[in-house]
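Biologist: I would like to go through this structure with you. Please tell me which rule stands behind each label.

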Amino acid sequence: MERNQISSASDSNSIQADVLVIGGGPAGTWAAWTAASEGAKVILVDKGYCGTTGATASAGTGIWYVAPDPTSRESAMASREALGGHLAHRDWMTRVLDRTYANVHLLSDWGYPFPVDDTGHPYRNSLQGPEYMRLMRRKIKQAGVIVLDQSPALSLLVDAEGAVAGATGIHRQTGERWQIQANAVVIATGGCAFLSKALGCNVLTGDGYLMAAEAGADFSGMEFSNAYGISPAFSTVTKTLFYNWASFTDEDGTVIPEAGSQKGRSVIAQTLLKKPVYAILDKATEEMRSIMRKAQPNFFLPFDRAGIDPFTQRFPVTLRLEGTVRGTGGIRIVDQTCATAVPGLYAAGDAATRELICGGFTGGGSHNAAWATSSGYWSGQAAALYARSLGQKALQRQVKQAGTPQANKPTIDPKAVVEAVQAEVFPYDRNYFRSQSRLVDSLGRLDSLWQEVQTTGQDTSNDPTQVVQAREAAAMVATARWMYRSAIERRETRGMHKYIDYPELDPTQQHHLISGGLDQVWVKSQPIANQTEDLKVLAGVGR
Amino acid sequence: MIELVSASRCIQCNLCVNVCPTNVFEQRDDQPPQIARQSDCQTCFICEVYCPVDALYVAPDADANVVVNESTLAETGLLGSYRANVGWGAGRQKQAQQDQSFHLLKKL
């Protein structure tokens, strides 16, 4: 069989690969590229289009690219440790900084058009979304990866021992079902932003979490899931850098004390609970304004189109939930290869926990971009080696869908479920600021919703949009339950988790919270120290 | 949300149908694509960047429908403005190359 070519199995609806990558954003494309570079036959499926999907493609991002001199590296690692509640790991930060540095240079070699700074050196700390992701699509296709767009995965396949062995899904334009048998699967489906319309985030509905949990994977840090991004109230553009030069005011222009983009975002949330908040970028100098336009043209799109000059005119702002996209929780990984607790299953990018480099507070796009390229690289490499170790005969395994097969009768409207979940996770006085009474209250309703979605979770409806949306709704309910169950168990305030019943950091809770389960959600603590024990380098996969 | 597929500009390449991350468009025979699932539009503007003839317009409003006038959009330069800003299309310099963010980050 020709390298990288899909072979048809006896079942004509089933195709085979060594490695299946689910998700075509930065993490997924890096995983696909390294797996293919290891000689694996790779298929990448995406719910949308690899190149435009995910938070990076439409938004763009900084990247945690730090020159390998000890002083710069030390200050890069130290800068956010306290903010993250001392839950990050120096060994992981070190290897992510190393890997990111190398990968950014690969991007440069591949022709990414980095600008030149005023000293004449390439400036490599920022990536324009459409450019970066178009390049990644081209690179993986050149490497022989088969890309299936508009093809959301719906369930993982597992073998008799419970190892992950592929996935099933649907082409959401033709309605055709697909089944891919693969020796290893990388989940790179991003985080969950609950259809909040934060920029580029509506494809990020926790689908990968649900599939992974059905196969037996668990999560870490799901209490760190309440990131909110500032946007103009009417708009989706949650790009926040330029709000460092904003004044936040009442409608009449009275400045709201302490409100700000970074440290004062809580003040904005508290104020929004009572009244509208306005912003004006009046602290940007004339010279900065033209630089801003060149740096982030999408920031200015909504203003230009609404006829607002954000430098001279006040505009209303809101905070859109970015959930675990900019939170740090996600699928728990158990070693340096980004393997999950389930054999054959790897997790990369925002789908995986980013506590390892950020602790309990987002490092923003910069850290997430570094994590995506690094974890993508490692997971793809490890998945290829694992697939090779199983050999071709593994493709003959008897496989079945992970999880309990559900009833096929759709009884409720997925849009109604989504709205019900949003009512629990959007409000600032439930999620931004958490309290035990409200978490308990929300969980009661979310647990009931979970019972309801069980009948829609595996819809066999002929309308592919309905099938996909039912699955997204179920994933959002499940995600909210892991979030709030974990939040209740962290009885302190640490990182982005603000618990009004426990407003102080408690040194005895400097641990990770691991969660999982579907019908019964569970949470347990994992001491920080144990993490290093888990960090075993598997043969052949290192930095 | 997406508000316009210009019938006069559209060349029926159906690229937008393929690239939309939230599957908003639907391909039709001998006609421009239809905006079939407008409420699923996430207002990410990226379809505009891929449209080779600037036939698409995404209004900035995330939730509200707005009425747009194609000739006004064309006259005010808004049709295709994002693709021009990103620097895609023949004879344009890529915006990525002109990103001077470092000047701003120095001031933080």
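Modeller: Start with A:Gly60. Setting aside neighbours within four places in sequence, A:Gly60 is in contact with A:Ala55, A:Leu127, A:Gln128, A:Gly129 and A:Lys239. Contact means heavy atoms within 4.5 Å. A word on the source: this is a predicted model, where local features need pLDDT of at least 70 and side-chain atom pairs count only at pLDDT 80 or more, while totals for chains, interfaces and linings use all residues. Residues are numbered from 1 along each chain as its sequence is written, chains are lettered from A and ligands numbered from 1 in the order in which they are written, and side-chain values use heavy atoms, with hydrogens and water left out.

Biologist: Why does A:Gly60 count as buried?

Modeller: Its relative accessibility is 14%. Buried means under 20% relative accessible area, exposed means over 50%, and partly exposed is in between (1.4 Å probe, protein chains only). So A:Gly60 counts as buried. A:Gly60 sits in the loop between α2 and β4 (61-62) of chain A. Helices (H or I, at least four residues) and strands (E, at least two) are DSSP runs, numbered from the N terminus. A:Gly60 and A:Glu131 are 71 residues apart in sequence and 8.9 Å apart in space, C-alpha to C-alpha.

Biologist: What makes A:Lys47 and A:Asp207 a salt bridge?

Modeller: Their side chains meet at 2.8 Å, N to O. The rule asks for a side-chain nitrogen of Lys or Arg within 4 Å of a carboxyl oxygen of Asp or Glu. The pair therefore qualifies. A:Lys47 lies in the loop between β3 (42-45) and α2 (54-59) of chain A, and A:Asp207 in helix α6 (residues 207-214), so the pair ties together parts 160 residues apart in sequence. A:Lys47 is buried at 9% relative accessibility. A:Asp207 is buried too, at 14%.

Biologist: How many salt bridges does this rule give over all chains?

Modeller: The count comes to 32. Side chains of opposite charge can pair when their charged atoms come close. Another case is A:Arg490 with A:Glu223, at 2.6 Å, N to O. That pair links distant parts of the chain, 267 residues apart. A:Arg490 is buried, with a relative accessible area of 0%, and A:Glu223 is buried at 0% as well.

Biologist: Why is A:Asp441 called partly exposed?

Modeller: Its relative accessible area is 30%, so A:Asp441 falls in the middle class. Its salt-bridge partner is A:Arg430, at 3.0 Å, N to O. A:Asp441 lies in helix α15 (residues 436-453) and A:Arg430 in helix α14 (residues 428-432) of chain A, so the pair ties together parts 11 residues apart in sequence. A:Arg430 is buried, at 15%. Elsewhere, salt bridges that share partners join A:Glu223, A:Arg490, A:Glu492 and A:Arg494 into one network.

Biologist: How do you know that A:Trp92 and A:Trp378 are edge-to-face?

Modeller: Rings of Phe, Tyr and Trp (its six-membered ring) pair if their centres lie within 6.5 Å; planes under 30 degrees apart count as stacked, over 60 as edge-to-face and the rest as tilted. By this rule there are 27 aromatic pairs over all chains. The ring centres of A:Trp92 and A:Trp378 are 6.1 Å apart and the planes stand at 70°, so the pair is edge-to-face. A:Trp92 lies in helix α4 (residues 90-109) and A:Trp378 in helix α12 (residues 364-390) of chain A, so the pair ties together parts 286 residues apart in sequence. Both are buried.

Biologist: Why is the pair of A:Tyr243 and A:Phe299 edge-to-face?

Modeller: Their centres are 5.7 Å apart and their planes at 70°, so the pair is edge-to-face. A:Tyr243 and A:Phe299 are both buried. Ring pairs link a cluster that includes A:Tyr243, A:Phe248, A:Phe299 and A:Phe315.

Biologist: What makes A:Asn183 buried?

Modeller: Its relative accessible area is 2%, so A:Asn183 falls under the 20% limit. A:Asn183 is found in strand β9 (residues 177-187) of chain A. Among the residues that A:Asn183 touches are A:Ala17, A:Tyr386 and A:Arg397.
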